[in-house]
Amino acid sequence: MVCRMFRIEAEVDKGRRDLLRSRLRDTNTAASPVLAALRGTPGEREVPLHVWALDSAGDLAGGLVGHTWTTWLHITYLWVDARHRGAGLGTRLLAEAERIARADRGCAAARLETWDFQAPDFYRGQGYEVVGVIPDYPPGITEYTLTKRLG
């Protein structure tokens, strides 16, 4: 076995981060025909998808922030102001994001993460299924990953 000496550093370095991302992308592309086929196509890029709800005064009542990539919608944030919860606004925001992802961007599925005190039951009610559970992330909280086929 060959013993090599390495210097290990722990620092934020955007140049190295970008180089690492590029090299990982090349490695992944070489290993996956699916990812290789995406190279150079519009499907290779993440495209932002934002849906906003404004109240009668023009203030933010709720919103959804996510992106589409390949044939997936990834929901990053969904929030509704406490004054407007229970009125179906979250359902409307989610439905509009799913509609845009499906009809305008050809998405076949959606994914998201949520914590146990947030909205796992809400998402289950919208047809999402739990596909992953991480207990104690962060300590004392459970994180759920949910997906849904967009039909």
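**View 1. The open sheet of the predicted model.** Six strands, in the order β1-β2-β3-β4-β6-β5, form an open sheet with mixed pairing, where strands are DSSP E runs of at least two residues, helices are H or I runs of at least four, and both are numbered from the N terminus; two strands pair if DSSP finds at least two bridges between them. The edge strands, β1 and β5 (129–134), each pair on one side only, and the twist from one strand to the next averages 20 degrees. This is a predicted model, in which local features need pLDDT of at least 70 and side-chain atom pairs count only at pLDDT 80 or more, while totals for chains, interfaces and linings use all residues. Residues are numbered from 1 along each chain as its sequence is written, and side-chain values use heavy atoms, with hydrogens and water left out.

**View 2. The pairing of β4 with β6.** These two strands pair in the antiparallel sense over 7 bridges, and Glu113 has Thr145 in β6 as its bridge partner.

**View 3. The largest nonpolar core.** Such a core is a set of buried Ala, Val, Leu, Ile, Met, Phe, Trp, Tyr and Cys residues joined through side-chain atoms within 4.5 Å, buried meaning under 20% relative accessible area with a 1.4 Å probe, protein chains only. Of its 23 residues, Leu49, Val51, Leu73, Ile75, Tyr123 and Tyr128 touch the most other members, and the largest share, 6 residues, comes from α3.

Terms used. Buried means under 20% relative accessible area, exposed over 50%, partly exposed in between (1.4 Å probe, protein chains only). Axes are lines fitted to C-alpha atoms, for helices over the stretch in contact, and angles run from 0 to 180 degrees between N-to-C directions.
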